[in-house]
Amino acid sequence: MGDVIDLAGDGGVLKTIVRRPKADAIGPSEDLPLVDVHYEGTLAETGEVFDTTHEDNTVFSFEVGKGSVIQAWDIAFRTMKVGEVAKITCKPEYAYGSGGSPPDIPPNATLIFEVELVACKPRKGSSLSSVSEERARLEELKRQRELAAAVKEEEKKKREEAKAAAAARIQAKLDAKKGQGKGKGKGK
């Protein structure tokens, strides 16, 4: 559906957006490093599904950037926003490498994951104030955008009124000239 994005720069982690997130969606950050994801992993060679959260409708949670998941996931989820669905193709060096992950993943396997970023959360025990501040900042940005849109609409309305007034003045002058021309013609 979308373009293929080379996230690692060497073709090792490729991302294709399947469903774009909403424009105001958030992504993982220093304040929101914990992510909840849905995924389905398949072997590129056979198309065989080796793991999925869809069967039992669970979410998988991890902290981005801590090395608790395959490197491809740490790279890919940093680029995602909540609600986004993407296809991530992972070369072995960004997945399970030459050892694989027996019995499901053979050595040197290229993996394809369809992933959805469901949520981003703060670390357990960390202050929610930073999250509240981020939410407040986003609300302020939204308010500013709405205000700017209202100002633009008002300016557009004024321009249209000015155009209408100018057109009316021109029409009045034309009408006056027509009236003068008729009067002069009749008087001669």
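1. Thr 52 is buried, at 14% relative accessibility (buried means under 20% relative accessible area, exposed over 50%, partly exposed in between; 1.4 Å probe, protein chains only). The model is predicted: local features need pLDDT of at least 70, side-chain atom pairs count only at pLDDT 80 or more, and totals for chains, interfaces and linings use all residues. Residues are numbered from 1 along each chain as its sequence is written, and side-chain values use heavy atoms, with hydrogens and water left out.

2. Thr 52 belongs to strand 4, residues 49–52 (strands are DSSP runs of E, at least two residues, numbered from the N terminus). Not counting residues up to four places away in sequence, Thr 52 touches Tyr 39 and Glu 40 (contact means heavy atoms within 4.5 Å).

3. A polar atom of the Thr 52 side chain lies 3.3 Å from the backbone oxygen of Tyr 39. The backbone nitrogen of His 54 is 3.0 Å from a polar atom of the Thr 52 side chain.

4. Glu 63 sits in strand 5, residues 60–63. Glu 63 is also buried, at 16% relative accessibility. Leaving aside neighbours within four places in sequence, its contacts are Pro 33, Leu 34, Ser 68, Asp 74 and Arg 123.

5. Pro 28 is 35 residues from Glu 63 in sequence, yet 9.0 Å away in space, C-alpha to C-alpha.

6. Cys 90 is buried at 0% relative accessible area. Cys 120 is buried too, at 10% relative accessibility. The structure holds zero disulfides (a disulfide is a pair of cysteine sulfur atoms within 2.5 Å).

Technical notes. Helices (H or I, at least four residues) and strands (E, at least two) are DSSP runs, numbered from the N terminus. A polar contact is a pair of N or O atoms within 3.5 Å; within protein, one must be able to donate a hydrogen and the other to accept it, and residues adjacent in sequence count only if both atoms are side-chain atoms.
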